[in-house]
Amino acid sequence: MAGFRARTLIAGMVALAAVGIAPAATAATVSADPWSAPGPFAVTVEALDGTHTVYRPSRLEKHPVILWGNGTGANPKIYDGLLRHLASHGFVVAAADTPNAGSGAEMLAGATTLIAENSRPGSPYQGKIDTAHIGATGHSQGGGGAIAAGADPRVTATIPIEPGPQGSAAALKGPAFFLGGQFDTIVVPALLVIPRYRLASQVPAIYGELAGATHFTPVGDGGGFRGAITAWFRFWLSGDERARAEFFGPSCGLCRDGAWSDVRRNAKASAIPGA
């Protein structure tokens with residue numbers, strides 16, 4: 001069964017990558033929450049180096065970083081809508097140009113480059129990178145890569161999206177938001193996501209399962225995952241207090257939102273006060 005799931009995943013991702021498009025989001029997968037709406041920044045997409053594509057605000061101020069890892073066989077274009085969306089909310093997104101991001105090393109290389117560019121005279125990124133606030137996220141194998149990257153002390157928050165088996169949740173250094181799809185038959189939440197969430201007891205951790213989501217819901221613009229991903233990083237990386245109520249306190253928005261079929265918070269997450 002595991003081999004069948006892997007072949008299905010690779011076949012699906014390779015097919016999408018071959019044509020350079022992602023499935024269109026449907027009304028059932030797009031949330032109406034404000035974090036799903038485009039942010040205030042115009043977006044520029046450019047090569048960072050030979051191995052990363054950057055999605056960033058066109059006018060650079062000083063921005064946190066998000067490291068992105070693709071699913072097996074995929075590339076950043078498959079997630080173009082989601083990566084543009086994150087950049088529109090004020091993040092510099094370094095997307096690893098690899099279909100095999102599971103080690104986390106390719107993702108972390110993006111952080112290394114941006115930190116160096118932040119100090120390099122004449123760089124367009126000089127003084128524009130908030131090196132103290134770096135997040136890691138990715139889908140499928142890239143979600144496993146986000147967990148692996150999250151063991152690096154430079155990474156301050158993670159979001160593994162329907163993650164592969166890579167990395168150790170017990171080694172995460174910062175708060176983690178594990179995302180599963182209710183109808184994901186490739187990365188089955190009960191078998192492959194919830195157990196990893198439980199292992200992250202050393203950090204504030206939340207598990208969110210999107211109702212009706214399959215393994216391919218995150219491609220394109222992120223579907224119903226998009227708003228929650230944005231809010232998590234806005235809170236932890238940008239210090240946006242408006243996002244606190246989505247996750248913390250006795251009446252957290254995620255906990256009450258019927259779009260989520262299962263929401264769990266560990267002891268450290270439950271202890272964080274709400275708005």
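**The whole chain**

Begin with everything shown as a cartoon, and keep in mind throughout that this is a predicted model. The chain's secondary structure comes to 8 helices and 9 strands, and of its 275 residues 55% are buried. If you consider the contacts with a separation of 6 or more, 68% of them are between residues 24 or more positions apart.

Next, select residues 226-236, which form helix 6. Because 10 of its 11 residues are buried, helix 6 is largely enclosed by the rest of the structure. Among those buried residues are Arg226, Ile229, Trp232, Phe233 and Arg234.

Now show the side chains of Phe177, Ile229, Trp232 and Phe233, which are the residues with the most contacts inside the largest nonpolar core, a set of 39 residues. Several elements give two or more residues to this core, including strand 3 (63-69), helix 2 (80-88), strand 7 (176-181) and strand 8 (205-210). Which element gives the most to this core? It is helix 6, with 6 residues. As general background, nonpolar side chains tend to be buried together in soluble globular proteins.

Stay with phenylalanine 177 and display what surrounds it: setting aside neighbours within four places in sequence, its contacts include Ile159, Pro160, Ile206, Trp232, Phe247 and Leu254. Apart from this core lies another one, of 19 residues, and you can find it by selecting some of its members, among them Val65, Ala101, Leu114 and Val155.

Move to strand 5, residues 129-139, and select aspartate 130 within it. Aspartate 130 is buried and yet has no salt bridge, for the nearest side chain of opposite charge, that of lysine 62, is 5.6 Å away, whereas a salt bridge needs the nitrogen and the carboxyl oxygen to be within 4 Å. What the side chain of aspartate 130 does make is a polar contact with the side chain of histidine 133, at 2.9 Å. If you leave out residues up to four places away in sequence, aspartate 130 touches Lys62, His63, Pro64 and Leu237.

**Salt bridges**

Then select glutamate 241 and arginine 244, which form a salt bridge with their closest N and O atoms 2.7 Å apart. Glutamate 241 is partly exposed, with a relative accessible area of 45%, while arginine 244 is buried, with 15%. In the salt bridge between aspartate 262 and arginine 264, where the closest atoms are 3.0 Å apart, aspartate 262 is buried at 19% and arginine 264 is partly exposed at 27%.

**The disulfide**

Finish with cysteine 252 and cysteine 255, which are joined by a disulfide with an S to S distance of 1.8 Å; the count for the structure comes to 1 disulfide. The link is right-handed, with 100 degrees about the S-S bond.

Technical notes: Residues numbered from 1 in each chain as written. Predicted model: local features only at pLDDT ≥ 70, side-chain atom pairs only at ≥ 80, totals over all residues. Heavy atoms only, no water. Helix = DSSP H or I, 4+ residues; strand = E, 2+ residues; numbered from the N terminus. Buried < 20%, exposed > 50% of the residue type's maximum accessible area, 1.4 Å probe, protein only. Lys, Arg positive; Asp, Glu negative; His and termini not counted. Polar contact = N/O pair within 3.5 Å; in protein donor to acceptor, adjacent residues only side chain to side chain. Contact = heavy atoms within 4.5 Å. Core = buried A, V, L, I, M, F, W, Y, C linked by side-chain atoms within 4.5 Å. Disulfide = S-S within 2.5 Å.
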